[in-house]
Each structure stands twice: as C-alpha cells, then as structure tokens.
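Me: I have a structure open and a few things to ask about it. Can we go through them one at a time?

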Amino acid sequence: MKQPTSLRPATGKLGVLLPGMGAVATTFIAGALLARKGKALPIGSLTQMGTIRLGLRTEKREPKISDFVPLASLDQLEFGGWDIFPESALEAAEHAKVLEPHHIKEVADELAAIHPMKGVFYPGYVKRLHGTHTKTAASKAEMVEQVREDIRTFKKDKGCDRLVAVWCGSTEVYSLANGVHSSVEAFEAALRKDDPAISNAQIYAWACMKERVPFANGAPNLCVDFPAAWDLAKECRVPTAGKDFKTGQTLMKTILAPGFKARMLGLHGWYSTNILGNRDGEVLDDPDSFKTKEVSKLGVLEHILQPELHKELYAELVHKVRIDYYPPRGDAKEGWDNIDLFGWLGYPMQIKVNFLCRDSILAAPVVLDLALFMDLAQRAGFHGTQEWLSFYFKSPMTAPDLYPEHDLFIQLMKLKNTLRWMKGEDVISHLGTEYYD
C-alpha cells in the first residue's frame with residue numbers, strides 16, 4: 001500500500017450491503033439505528049467509541065478515532081442486502097430473538113422497510129438450510145450479473161455515493177482453492193461452466209469486486225482469499241478483508257494466549273467446546289460446514305504461540321475444538337475452555353473459562369467497524385487485502401506466503417499505526433526512551 005497524500009472526505013450516503021440478513025445483520029442494523037437516534041450506545045465499536053494516541057504521551061493528544069480520520073457517520077448509512085428467506089429485517093430480528101422487544105420497537109418502522117433481495121443459493125454449500133427466496137440463473141456467470149444489477153439498482157434507488165459489503169451469511173462447506181481459482185480468466189471461465197468449486201460467497205464477492213464495492217468476509221468460507229480474487233481486486237482497485245468475525249471463544253483465546261506467551265508459561269492442552277442454537281449452530285451441525293469453522297478456530301493458537309520457536313513450552317500442545325447445536329440457547333452461545341498450563345519447574349496449573357455470550361451482540365460492532373474502515377480504505381486509494389483489519393478476524397488474510405498475526409494487541413497496534421500513517425502522524429513504537437534522556 002502507498003501512503004495516501006490525501007483522504008477523500010466521507011460525503012454523501014454510504015450503502016452497507018449484507019449478504020445474509022439473519023441474526024448478525026439485523027442486530028447490527030437495529031443497533032446502528034438505535035445509536036443514531038441516541039437510544040443506545042454502540043458499545044464494542046472502535047470507530048464509534050475508541051480513541052487514538054498521537055505523538056508523545058506528554059502531548060496528551062488522544063482524539064476519538066471518528067474525529068481523527070474521515071469516517072462516514074451513522075446518519076449517512078443506508079442498509080440493504082440479500083437473503084434466502086423473504087422476511088424483512090424486522091421479522092428477521094424478531095425471529096432471531098437477540099434483541100429485547102423494547103429495542104426492536106424503537107426502530108420497528110425502519111427495520112420493516114428493509115426487505116432482502118433474493119439470495120444466491122446453491123444448496124450444496126449450506127446443506128442444513130432450505131432457501132425459499134432465491135435467484136435462478138442459467139449459469140453462475142449470469143448469477144454474478146444478477147447480483148451486479150442488484151448492486152447498481154440499490155445504489156441508484158437509495159441515492160448512495162459509495163457502497164461496501166460485509167458477508168454476514170452462513171458458514172459454507174469446507175473447500176480449498178484449485179485451478180478454478182488460479183486467475184481471473186480461469187475463474188470467469190468456470191463461472192460460465194457452472195463449476196461446482198465456485199460457492200455462493202464467491203459469487204457475491206466477485207460481483208461486488210466487479211462493481212468496485214469493498215468486500216469483507218465475516219465467515220471462514222473460501223471467498224476472497226485466492227489468486228483470482230487478489231488479481232481482480234488489484235485490477236478493479238477494490239479493498240478486500242477477511243475472514244471469519246472474531247467474536248466469542250476465539251476472541252478470548254487471542255486475549256489470553258498472548259499473555260501466557262509473554263510470561264513464558266507453558267501449555268499442555270486447550271480444550272474448547274461451544275453450544276449454540278441459532279441458524280449458525282444449525283448450519284455448523286453439518287460436519288462439512290463444521291470443518292470450515294474448525295480450521296479457522298484451530299489456527300489461532302499455533303500462530304500466537306510459535307511452537308517451532310518455543311518447543312519446550314508449546315510443541316506438545318493438544319488443542320481441541322467442539323461445537324454442538326443446542327436449540328434452547330438460541331443466539332446465547334456458551335463457550336467452555338479448559339486450559340492445562342504449567343509454570344516454574346514444570347508444575348501444572350489449570351484455568352477454566354465459561355463465556356456466556358451473544359454471538360450477534362459481539363459481531364454487530366465488528367460489522368459496523370469493517371463497513372466504515374473498508375470505505376475509508378477505498379477513499380485512501382488502498383486495494384487488495386487489508387491486513388491492518390486483522391483485529392476483527394479469526395483467520396486474518398495476508399499477502400501470499402506471509403503468516404497471519406493473531407495476537408489481539410499486536411493487531412490493534414497495527415490498526416492504529418495504519419490510521420496514524422494514513423494521516424501523516426508518527427507511528428508509535430512505545431519505546432519511550434525520549435522521556436529518559
């Protein structure tokens with residue numbers, strides 16, 4: 001990325017397009033509407049509540065991030081998206097049962113006015129769902145064109161100056177990139193041939209990139225992390241980011257594991273299990289979809305702990321992840337972690353974590369921040385993988401052959417230093433020797 005000489009202002013409306021308008025998307029929309037009415041606080045959102053230190057500590061310059069860089073305001077946002085079920089955002093929010101009725105009531109009229117466009121649905125990628133509000137097309141190439149037309153129509157009808165897209169849909173079955181994903185030409189030929197290697201998420205992402213719409217992938221799906229997508233993003237000069245929103249249990253791992261490593265405490269084992277009952281839980285009850293999520297979750301500790309460098313502490317670590325669909329819990333996920341660690345002279349210790357959280361409550365501010373930061377990235381002239389947004393993802397995308405950084409605190413430093421660099425401020429190393437000359 002090249003340092004911008006100027007940042008285009010965030011004038012006009014910003015359309016936020018959401019493939020998948022279920023619990024996460026409707027919680028995000030309702031929360032943003034409530035916050036802009038002054039009816040609730042956007043807690044968990046760095047763009048709305050976070051600050052950034054500039055210069056020396058003695059200068060005491062710590063503006064809000066939203067005052068430091070030109071972000072779109074909540075008042076400028078227009079919401080839309082696609083879903084394989086026809087319910088309005090109001091009906092979907094009521095069905096999800098994440099938000100209390102009094103919160104939904106405050107923004108019921110606005111939610112009722114948001115109707116999803118028909119979704120892209122090739123059922124082999126999400127086996128547990130049976131869509132009733134879906135597009136039909138002669139080929140996947142035609143399907144891409146239908147999504148592109150949706151994007152253009154939404155932008156025109158809503159009077160938007162710019163658009164961003166954030167995937168809020170389900171986890172798809174596990175898949176790896178193959179020759180279909182090797183180049184723009186190969187991918188577009190495969191679209192015309194209805195190649196089974198091209199998933200629903202890839203169709204949305206391809207359409208968005210062709211329309212110069214920044215795209216962030218909130219699921220662990222193979223979506224914009226393959227050579228054809230990198231090449232198209234460069235060709236169309238569009239930012240991409242992903243993948244898999246970092247919310248409950250994995251968020252805790254990226255907080256705790258850096259602390260163990262910082263103090264050189266060893267780990268024998270880390271056993272994680274989850275129960276959840278929302279649509280995500282139903283989808284993940286399918287072994288092929290769970291495999292996609294499992295790979296995303298398992299990579300976190302290995303990259304943080306670096307067992308190849310710290311063999312005595314982490315080379316024998318046993319890391320297990322389980323997810324069980326348990327309908328009574330709805331969106332109120334419960335994550336249990338049993339951590340077997342050892343310290344001085346090898347003496348064993350244990351930590352138990354029981355995190356009772358609401359996945360959509362943790363994900364909603366992530367969607368908001370990604371939408372605003374991806375729009376900022378495009379106005380800064382950035383394109384391709386936005387690694388500085390790794391803070392928000394379980395499986396951060398990076399340049400080819402570069403390992404991802406999972407440590408939450410390093411990720412936050414990278415994000416804030418990128419903002420400082422964008423604005424021509426000194427990046428902060430926290431060395432601090434100048435105070436003691």
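Me: Which way does α1 pass α15, left-handed or right-handed?
Reply: In this predicted model, α1 passes α15 in a right-handed crossing.

Me: And what angle do α1 and α15 pack at?
Reply: The angle is about 65°, and the axes of α1 and helix α15 (residues 359-379) are 8 Å apart. That makes α1 roughly perpendicular to α15.

Me: Which residues meet there?
Reply: From α1 there are A23, V24, T27 and F28. In α15 they meet S360, I361, A363, A364, V367 and L368.

Me: Staying with α1, is I29 buried or exposed?
Reply: I29, which is in helix α1, counts as buried because its relative accessibility is 0%, and the cut-off for buried is under 20%.

Me: What does I29 touch?
Reply: Leaving out residues up to four places away in sequence, I29 touches L18, M21, F79, L111 and I114.

Me: How far is I29 from H319?
Reply: They are 36 Å apart in space, C-alpha to C-alpha, and 290 residues apart in sequence.

Me: New topic, rings. How many aromatic pairs does the structure hold?
Reply: It holds 10 aromatic pairs. One of them is F28 with F79, an edge-to-face pair with 5.5 Å centre to centre and 85° between the planes.

Me: Why is that one edge-to-face?
Reply: Because its planes are 85° apart, and planes over 60 degrees apart count as edge-to-face.

Me: Where do F28 and F79 sit in the chain?
Reply: F28 is in helix α1 (residues 23-36) and F79 is in strand β2 (residues 77-83). The two are 51 residues apart, so the pair links distant parts of the chain.

Me: Are F28 and F79 buried or exposed?
Reply: F28 counts as buried at 3% relative accessibility, and F79 counts as buried at 6%.

Me: Which residues do ring pairs link into a cluster?
Reply: F373, W388, F391 and Y392.

Me: Which charged ends sit over rings?
Reply: The charged end of K140 sits over the ring of Y122, 4.8 Å from the ring's centre. K423 has its charged end over the ring of F68, 5.7 Å from the centre of that ring.

Me: Back to helices. How do α8 and α9 cross?
Reply: The axes of helix α8 (residues 184-192) and helix α9 (residues 200-210) come within 13 Å and cross at roughly 120°. That makes α8 oblique to α9. The crossing of α8 past α9 is left-handed.

Me: Which residues make the contact?
Reply: V184, F187, E188 and L191 of α8 make it with Q202, I203, W206 and K210 of α9.

Me: What about C208, is it buried or exposed?
Reply: C208 is in helix α9, and it is buried, with a relative accessible area of 0%. Not counting residues up to four places away in sequence, C208 touches I151, A165, V213 and F215.

Me: How far apart are C208 and I151?
Reply: In sequence they are 57 residues apart, and in space 7.7 Å, C-alpha to C-alpha.

Me: Last one, T240. Where is it found, and what does it touch?
Reply: T240 is found in strand β6 (residues 239-242) and is buried, with a relative accessible area of 1%. Its contacts, again without residues up to four places away in sequence, are M209, F215, V224, A233, M374, G384, T385, Q386 and M397.

How values were computed. Residues numbered from 1 in each chain as written. Predicted model: local features only at pLDDT ≥ 70, side-chain atom pairs only at ≥ 80, totals over all residues. Heavy atoms only, no water. Phe/Tyr/Trp six-rings, centres within 6.5 Å; stacked < 30°, edge-to-face > 60°. Helix = DSSP H or I, 4+ residues; strand = E, 2+ residues; numbered from the N terminus. Buried < 20%, exposed > 50% of the residue type's maximum accessible area, 1.4 Å probe, protein only. Lys NZ or Arg CZ within 6 Å of the ring centre and 35° of its normal. Axes fitted to C-alpha atoms, helices over the stretch in contact; angles between N-to-C directions. Parallel < 35°, antiparallel > 145°, perpendicular 65-115°, else oblique. Left-handed = near helix turned anticlockwise from the far one by under 90°. Contact = heavy atoms within 4.5 Å.
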